[in-house]
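Subject: Structure for your review

Dear colleague,

Please find below the structure that I am handing over to you.

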Amino acid sequence: MARAEQVLVLEPQHELKFRGPFTDVVTATLKLTNPTDRNVCFKVKTTAPRRYCVRPNSGIIDAGNSVNVSVMLQPFDYDPNEKSKHKFMVQSLLAPYDMTDMEGVWKEAKPEELMDSKLRCAFEMPLENDKTHENESNKPVSSSTSVKTEHSVLPKSASASLDDGEVKKIMEECKRLQMEVQRLREENVKIRDDGLRKRKVTSAAAPHASSSVTAMRDEGLSTRILALCVLFFVIGVIIGKLAL
C-alpha cells in the first residue's frame with residue numbers, strides 16, 4: 001500500500017544549503033509547519049549522522065504551529081570537486097488523540113501511516129566579490145584614525161565595567177590634556193612669530209642672529225613633539241587601564 005502524502009510543509013522543500021567556509025560549524029535552518037487540525041509527530045534523519053547535529057531531531061508539532069530545526073554541519077576539509085551525497089528525511093505521522101508515549105507511537109505505527117519527505121544537501125563557498133568585500137572591511141586604518149578610534153570608542157565599550165566616577169575622571173583628564181596641547185601650540189606659534197620678527201630686524205646686523213632664531217624654532221618644535229608624546233603616553237595608560 002502506498003504511503004500517505006506528507007502533511008507537513010517544509011521550508012526549504014528539496015535542498016538544504018550550507019555556505020562555507022567549512023572550518024567551523026555551519027548551520028542551516030529547516031522550518032516544519034503543520035497546517036492541519038491534528039498534532040503531528042516528526043523525526044529528522046540523515047544518511048551521515050556523524051557529520052551533522054540536528055536540534056530538535058524529533059518532537060510534536062501542534063495543529064497550526066511550526067518548528068525551526070537547526071541542522072549543524074561539523075567542520076571538514078572542503079573539496080569543490082566532490083559532490084555532496086548527504087541526504088535528510090523528515091518522517092511524520094498524525095499523533096493519536098490519546099497519545100502518552102511518543103516512542104511507543106513510532107514503534108506501533110503502520111507503514112501506511114508514515115509520511116516522509118527527502119532533502120539533499122548542497123555546499124557553497126562565498127563568492128569572490130564577497131571575499132573582496134570582507135578583505136576591504138578588514139583593511140587596517142591609518143595611525144591617526146586608530147588613535148582617534150581608541151580614544152573615543154574603547155572607553156565606551158569598557159564603560160560597562162567602570163562606574164560613572166571613573167569614566168568622568170578619564171574624560172576630565174582627556175580634556176585637560178587637550179587644553180594643555182592647545183596651550184603649547186599657541187606658545188609655539190608665539191615663539192615662532194617672535195623669532196621671525198627678530199630675524200627681520202637683526203638679519204642685516206649680525207649673521208649669528210639667524211642661528212639663534214633657528215635654535216628658538218627648534219626649541220618650539222621640540223616642545224610640541226614633547227607635548228604630543230606626553231599626550232599619546234597618557235592615552236595609552238588610560239587604554240591599558242580600561243583593557244585590564
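The structure holds 0 disulfides, a disulfide being a pair of cysteine sulfur atoms within 2.5 Å. In general terms, such a link is a covalent bond between the sulfur atoms of two cysteines. Cys-41 is buried, with a relative accessible area of 0%, whereas Cys-53 counts as partly exposed at 23%. Here buried means under 20% relative accessible area, exposed means over 50%, and partly exposed lies in between, for a 1.4 Å probe and protein chains only.

Please note that this is a predicted model, in which local features need pLDDT of at least 70, side-chain atom pairs count only at pLDDT 80 or more, and totals for chains, interfaces and linings use all residues. Residues are numbered from 1 along each chain as its sequence is written, and side-chain values use heavy atoms, with hydrogens and water left out.

Confidence

The predictor's confidence in each residue is given as pLDDT, from 0 to 100. Its mean for the protein is 78, and 70% of the residues reach 70 or more. Over residues 141-162, pLDDT stays under 50. For that stretch the model has 16 contacts beyond four places in sequence, where contact means heavy atoms within 4.5 Å.

Overall composition

The protein has 5 helices and 9 strands. These are DSSP runs numbered from the N terminus: helices are H or I with at least four residues, and strands are E with at least two. From the N terminus on, the order of elements is β-β-β-β-β-β-β-β-α-β-α-α-α-α. Of the 244 residues in the protein, 28% are buried. Among contacts between residues at least 6 apart in sequence, 72% join residues at least 24 apart.

The five-stranded sheet

An open sheet is formed by 5 strands in the order β2-β9-β8-β4-β6, with mixed pairing. Two strands are taken to pair if DSSP finds at least two bridges between them. β2 (15-19) and β6 (58-61) stand at the edges with a single partner strand each, so one side of each is left without a neighbour in the sheet.

Thr-46 stands opposite Phe-88 in β8.

Ser-117 in strand β9

Ser-117 has its place in strand β9 and counts as buried, because its relative accessibility is 15%. Its side chain makes a polar contact of 3.2 Å with the side chain of Gln-6. A polar contact is a pair of N or O atoms within 3.5 Å; within protein, one must be able to donate a hydrogen and the other to accept it, and residues adjacent in sequence count only if both atoms are side-chain atoms. Leaving aside neighbours within four places in sequence, Ser-117 is in contact with Gln-6, Leu-10, Phe-88, Met-89 and Val-90.

Pairing of β1, β3 and β7

β1 (residues 9-11) pairs with β3 (residues 26-33) in the antiparallel sense over 3 bridges, and Val-9 has Thr-33 in β3 as its bridge partner. β3 is also joined to β7 (residues 66-73) by 8 bridges, again antiparallel. In that pairing, Thr-33 stands opposite Ser-66 in β7.

Loops

Tyr-97 is found in the loop between β8 and α1 (102-108). Its relative accessibility is 74%, so Tyr-97 counts as exposed. The side chains of Tyr-97 and Arg-38 are joined by a polar contact of 3.4 Å. The C-alpha atoms of Tyr-97 and Asn-39 are separated by 8.3 Å, although the two residues are 58 apart along the chain.

Two peptide bonds in the loops are cis. One runs from Gly-20 to Pro-21, with omega near 10°, and Pro-21 lies in the loop between β2 and β3. The other runs from Arg-55 to Pro-56, with omega near -10°, and Pro-56 lies in the loop between β5 (52-55) and β6.

With kind regards
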